[in-house]
Amino acid sequence: MGDQDLHRDTQALKRHSQRSIRSRRPHIRCPLFFTPLVHHPVFFAMSKLIRRSNIRQLQASVALALVSSLFVAAAHAHGDVAPQPVDTKDLPKLKGEQAVNPYRGTPNAKKAAEIGSSAFNQNCARCHGLGAVSGGIAPDLRYLPEGKEGDEFFAMRIRNGSARNGVTYMPPFGNLFSEEAIWAIRSYLDSVQVAE
Ligand code: HEC
């Protein structure tokens with residue numbers, strides 16, 4: 001077989017395989033024009049555009065879109081970053097700063113824990129974990145000490161946050177939350193408490 005023949009055969013083979021690939025494409029019909037989608041003008045325009053545009057650029061923008069959607073998903077998974085208001089109108093009003101959870105052991109404990117649960121998941125879970133099950137970024141608050149001892153430590157932290165050497169480990173919530181909201185969150189933590 002001469003070079004010429006080989007060339008011709010290869011070309012024929014190429015044409016054949018291209019034709020069979022094309023014929024294997026699904027001919028989905030566009031409901032607008034009742035033309036097979038692959039013959040649709042919009043489809044042609046799109047594929048021309050894609051062919052013309054810089055592939056690297058295309059890859060970069062696809063990668064960017066993927067990464068940013070991941071970030072958005074992560075942010076959603078850990079709750080919103082901006083402090084979320086806590087609706088405590090269904091709880092008895094408290095007078096002044098409390099040292100011990102005033103809802104504990106009262107008929108309002110369950111209601112307080114319910115309100116606290118949503119407040120916690122919206123404001124604290126991004127660091128302390130959904131359901132107070134820590135993912136390792138911040139302490140697991142299910143292990144806070146019970147009763148008065150835990151209350152004092154809890155109240156100090158939630159009001160003042162935590163900072164050392166100019167580094168903020170936890171922001172203060174004292175100016176953002178009402179006294180009722182603070183003890184609603186403590187009531188929620190009471191309800192998921194695990195003895196050490
Ligand atoms: C930006 C992340 C972040 C957010 C949001 C956050 N915390 Fe913290 N929290 C921390 C870190 C980090 C520590 C550990 C501080 C330290 O080591 O000084 C901590 C410590 C605590 C402690 C002391 C626990 C212990 O065992 O030392 C309590 C209580 C607490 N947080 C409650 C809350 C509550 C309630 C909220 C929501 C209103 C909240 N935190 C929101 C990061 C956060």
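Predicted model: local features only at pLDDT ≥ 70, side-chain atom pairs only at ≥ 80, totals over all residues.

Trainee: Where does the ligand sit?
Mentor: The ligand is in the largest pocket.

Trainee: And which residues come nearest to the ligand?
Mentor: There are 21 residues around the ligand, and Cys 124, Cys 127, His 128, Ser 162 and Met 170 come nearest.

Trainee: OK, what lies 2.8 Å from a nitrogen atom of the ligand?
Mentor: That's a polar side-chain atom of His 128.

Trainee: Which side chains have an N or O atom by an oxygen atom of the ligand?
Mentor: Ser 162 has a side-chain N or O atom 2.6 Å from a ligand oxygen. For Arg 164, a side-chain N or O atom is 2.7 Å from an oxygen atom of the ligand.

Trainee: Which element gives the most to the shell around the ligand?
Mentor: H6 does, with four residues. Helix H5 (125-128), helix H6 (147-160), strand E1 (162-164) and strand E2 (167-170) each bring at least two.

Trainee: How does that shell split by class, then? What are the counts?
Mentor: It has 15 nonpolar, three polar and three charged residues.

Trainee: Switching to the pocket itself: how much space lies in there?
Mentor: About 530 Å³. The pocket is lined by 23 residues, with His 128, Pro 139, Leu 141, Arg 157 and Met 170 closest to its centre.

Trainee: Which elements give two or more residues to that lining?
Mentor: Helix H4 (109-123), H5, H6, E2 and helix H7 (179-191). H6 has the largest share, four residues.

Trainee: And the lining by class?
Mentor: The lining has 17 nonpolar, three polar and three charged residues.

Notes. Residues numbered from 1 in each chain as written. Heavy atoms only, no water. Near = heavy atom within 4 Å. Polar contact = N/O pair within 3.5 Å; in protein donor to acceptor, adjacent residues only side chain to side chain. 1 Å grid on protein atoms, 1.4 Å probe; cavity = no way out; pocket = protein on both sides within 12 Å on 5 of 7 lines; lining within 4 Å. Sits in = over half its atoms within 2 Å of the grid points. Nonpolar A, V, L, I, M, F, W, Y, C, P; charged D, E, K, R; others polar. Points joined across faces, edges and corners; volume = space filled by probe spheres on them.
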